[in-house]
Amino acid sequence: MKMKRLFDILDYQEKNSNLEKALVNVLKDRGIKSYSTKDYIKESDKASRALLKLGIKPGEKIAIVVNKNCAEWNILDMGIQKAGAISIPVYSSISSSEFEYIFNQAEVKLCFVSDEDLYNKIAGIKDNLKLLEKVYSFNEISNIPSWEEFLRLGEDESTQFKVEEIKDSIKEDDLVTIIYTSGTTGKPKGVMLSHKNILSNAISCQERIPELKENPRALSFLPVCHIFERMILYVFQIRGIEIYFAQNIESLGDDMKFIKPHIMTAVPRVIEKVYDKIYETGINIGGIKSKIFKWSLDLVKDYDPRVKMPLKWYLKYKIANKIIFSKWREGVGGEIVTIVSGSAKLSEKLNKIFWAAGIPILEGYGLTETSPVIAVNSFNKTGFKVGTVGKAIKGVEIKIADDGEILVKGPNVFKGYYKDEEQTKEAFTQDGYFKTGDVGEFDEGLLKITDRKKQIFKTSGGKYIVPATLEEAMKQIPFIEQIMVVGEGQKMPCALVQPNYEYVQKWAEKNNIEVGNSFEELANNKELINEIQKEIDKVNQDFGNWEKIKRFRLTPEEWTIENGCLTPTLKCKRKNITEKFIHLYNEMYEI
């Protein structure tokens with residue numbers, strides 16, 4: 001059968017896979033709650049009928065806000081689609097003022113939340129929400145309308161014919177969702193995506209997913225309100241892959257060992273954190289084991305999966321693999337075939353190490369506006385290279401503008417920004433290409449991202465600085481958790497740094513140094529500052545004199561989503577960070 005609308009995926013899965021465990025919630029007691037393909041269809045139909053009973057009409061907006069992924073999110077998603085309504089997935093971590101802005105601009109009529117805290121957050125601003133009529137909770141909470149209560153509204157199957165009529169009327173170019181971009185600056189923009197936008201992307205990405213093992217399993221933990229995770233879940237559903245939803249980010253390690261996934265997604269910051277923990281353990285274990293750990297990392301630091309290494313290297317690798325890297329694979333469940341990375345650029349060094357460790361990472365690239373995938377690496381040697389994001393997926397055309405900006409055209413490109421014709425017009429070239437705002441180039445026919453167009457800046461001396469390149473290199477310093485290079489219009493590049501609290505504490509303990517117990521104390525510790533300066537000086541040697549970071553300041557506060565320093569996908573909000581630590585910025589430039 002040919003899929004034209006996203007909800008057609010359900011019939012496709014029933015015909016081709018008909019899974020006993022299509023969607024699975026991992027529970028705290030290490031149990032599971034699973035839905036078969038038939039359950040998925042039945043429950044989503046029930047959700048559609050419930051929406052009709054509540055008076056929801058095609059085109060009306062329904063918000064979904066959860067703290068963690070769950071099977072019910074996907075059931076509701078399909079139920080909303082089949083009722084002809086528009087879903088508004090929202091990050092749970094945004095501020096009350098952002099909730100108010102999104103709900104009012106999108107004209108949200110109904111909202112589903114995951115727990116009491118989120119219910120209270122929405123209830124606290126309900127008087128300011130123009131059209132919101134009711135809020136339901138997926139979790140059972142006293143005196144709060146529940147998911148089960150909602151589904152009971154749709155138990156009467158006699159109204160299913162109305163759902164079928166609405167489904168038949170829905171076209172592939174119809175709007176299916178509005179996703180508000182987290183953005184690194186300014187107010188969020190509502191990205192309008194159609195069934196065709198997202199479904200074309202999910203179908204085209206199929207060929208990049210390698211063959212998995214019998215009864216393939218995927219683990220999902222990235223926010224499903226983000227188009228990257230949402231689209232990949234559609235990919236898994238088309239492929240007949242069982243989808244397991246992790247309890248939360250903190251339980252991820254245990255959940256991987258329990259589920260033994262074959263495939264999962266991640267963002268670079270998560271991969272960096274996993275590596276940091278592995279590195280700390282390996283370095284601090286002491287004795288011969290630490291020496292073997294360091295030797296193993298040194299052995300694979302320049303590993304290229306496309307290149308055949310000398311026999312002598314393989315003999316050494318056999319030892320490293322048995323003693324060190326086999327333990328890494330056990331840590332992710334022991335059966336991983338690949339991890340798909342997106343949202344930001346992944347360090348080439350880390351990518352090489354994980355490939356060598358037998359945990360292949362396929363790095364891809366895209367934006368919310370492109371549903372999201374533009375290009376992604378594959379297991380095909382001609383379609384893969386560390387440091388690139390692979391070739392464009394089928395149906396997507398890429399060209400590089402004269403100023404280096406990546407321009408894109410294809411069925412996955414969004415319909416426009418909601419209620420913002422001016423910004424929509426500005427987002428496209430005269431000949432209809434979407435302007436990504438990223439700078440890139442082709443390397444052996446593969447796309448390589450070099451920076452964000454708006455983040456490249458000139459110093460007062462007229463020299464161009466590419467912050468992403470500097471930041472990626474500096475993040476290899478274990479003392480650094482986050483770094484942001486600044487200096488537009490200034491005489492030199494400088495940096496704001498959030499230290500890696502855990503690493504610093506272990507370093508201080510090992511060297512009998514008192515650094516204090518807060519970020520504020522760390523930021524003012526001269527011994528720590530001197531140690532980080534030494535490390536920065538080493539990395540600076542790889543850059544031209546005009547690019548070297550001349551000064552830096554440690555921030556007295558952690559960078560988090562909650563305090564506005566990071567987006568929900570853990571990217572730096574550059575404008576917010578600069579404003580928050582403007583006194584440190586001024587110090588560096590002696591303003």
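Two strands count as paired here if DSSP finds at least two bridges between them. Strands (E, at least two residues) and helices (H or I, at least four residues) are DSSP runs, numbered from the N terminus.

**Entry 1: ground rules.** I am working on a predicted model, where local features need pLDDT of at least 70 and side-chain atom pairs count only at pLDDT 80 or more, while totals for chains, interfaces and linings use all residues. Residues are numbered from 1 along each chain as its sequence is written, and side-chain values use heavy atoms, with hydrogens and water left out.

**Entry 2: the hairpin.** I started with strand E16 (residues 397-400) and E17, which pair in the antiparallel sense over four bridges. Isoleucine 398 has valine 408 of E17 as its bridge partner. Four residues lie between the two strands of this hairpin, and glycine 404 takes a positive phi near 95°.

**Entry 3: the other partner of E17.** I then followed E17 to strand E19 (residues 434-443), and found three bridges, again antiparallel. Is strand E17 (residues 405-409) mostly covered or mostly open? I found four of its five residues buried, where buried means under 20% relative accessible area, exposed over 50% and partly exposed in between (1.4 Å probe, protein chains only).

**Entry 4: a three-stranded sheet.** Next I looked up an open sheet with the order E23-E24-E25 and mixed pairing. From one strand to the next, the twist averages 25°; axes are lines fitted to C-alpha atoms (for helices over the stretch in contact), and angles run from 0 to 180 degrees between N-to-C directions. E23 and strand E24 (residues 494-499) run antiparallel, joined by six bridges. Valine 485 stands opposite alanine 495 in E24.

**Entry 5: the whole chain.** I counted 21 helices and 25 strands. The radius of gyration, taken over C-alpha atoms, is 25 Å, which agrees with the value near 25 Å for a compact globule of 591 residues, because the rule is 2.2 Å times the number of residues to the power 0.38. The C-alpha trace spans about 70 × 55 × 55 Å along its principal axes. Of the 591 residues, 56% count as buried. Contact means heavy atoms within 4.5 Å; among contacts between residues at least 6 apart in sequence, 66% join residues at least 24 apart.
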